[in-house]
Amino acid sequence: MVKHIILWKLRSELSAEEKQAKALAIKQGLEGLQGKVPGLVDIHVQIDGRLDSSNADIMLDSTLESEAALKGYAVHPAHVAVADGVVRPNTELRTCLDFEY
């Protein structure tokens, strides 16, 4: 199994209301990939409950069957559509940790 964890910082020029709306759109888009991408076991996007000590706005926590499944996920048209359509236009910083367990 492979864990694919991403932390994003939303664009600083967005208002608080825009950040909330964009975070929700990212969550809905990414969690909507469940059942559409082969090898994607689980996907969850955390946008609520963020403490002031945080320096990221959004966390993606996903599990894939294998490293090959992760590579497939990266180029899957449904994932690319969400990444290009809602994630990349609204974020300015991305940190990734992928690992096998």
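**View 1. The largest pocket of the predicted model has a volume of about 270 Å³.** At least two lining residues come from each of β1 (2–10), α2 (67–75), α3 (77–87) and β4 (91–100). The lining comprises 9 nonpolar, 3 polar and 3 charged residues. A pocket is an open set of points on a 1 Å grid over the protein atoms alone, where a 1.4 Å probe fits, with protein on both sides within 12 Å along at least five of seven lines; lining residues have an atom within 4 Å of a point. Volume is the space filled by probe spheres set on the points.

**View 2. The second largest pocket holds about 200 Å³ of space.** Its lining consists of L10, K19, Q20, A23, L24, I47, D48, R50 and D57. Helix α1 (residues 16–31) contributes the most, with 4 residues. Helices (H or I, at least four residues) and strands (E, at least two) are DSSP runs.

**View 3. P89 sits in the loop between α3 and β4.** P89 is partly exposed, at a relative accessible area of 40% (buried is under 20%, exposed over 50%, partly exposed in between, with a 1.4 Å probe and protein chains only). P89 touches R11, A83 and D84, leaving aside residues up to four places away in sequence; contact means heavy atoms within 4.5 Å.

**Notes.** Residues are numbered from 1 along each chain as its sequence is written, and side-chain values use heavy atoms, without hydrogens and water. In this predicted model, local features need pLDDT of at least 70 and side-chain atom pairs count only at pLDDT 80 or more, while totals for chains, interfaces and linings use all residues.

Notes. Nonpolar A, V, L, I, M, F, W, Y, C, P; charged D, E, K, R; others polar.
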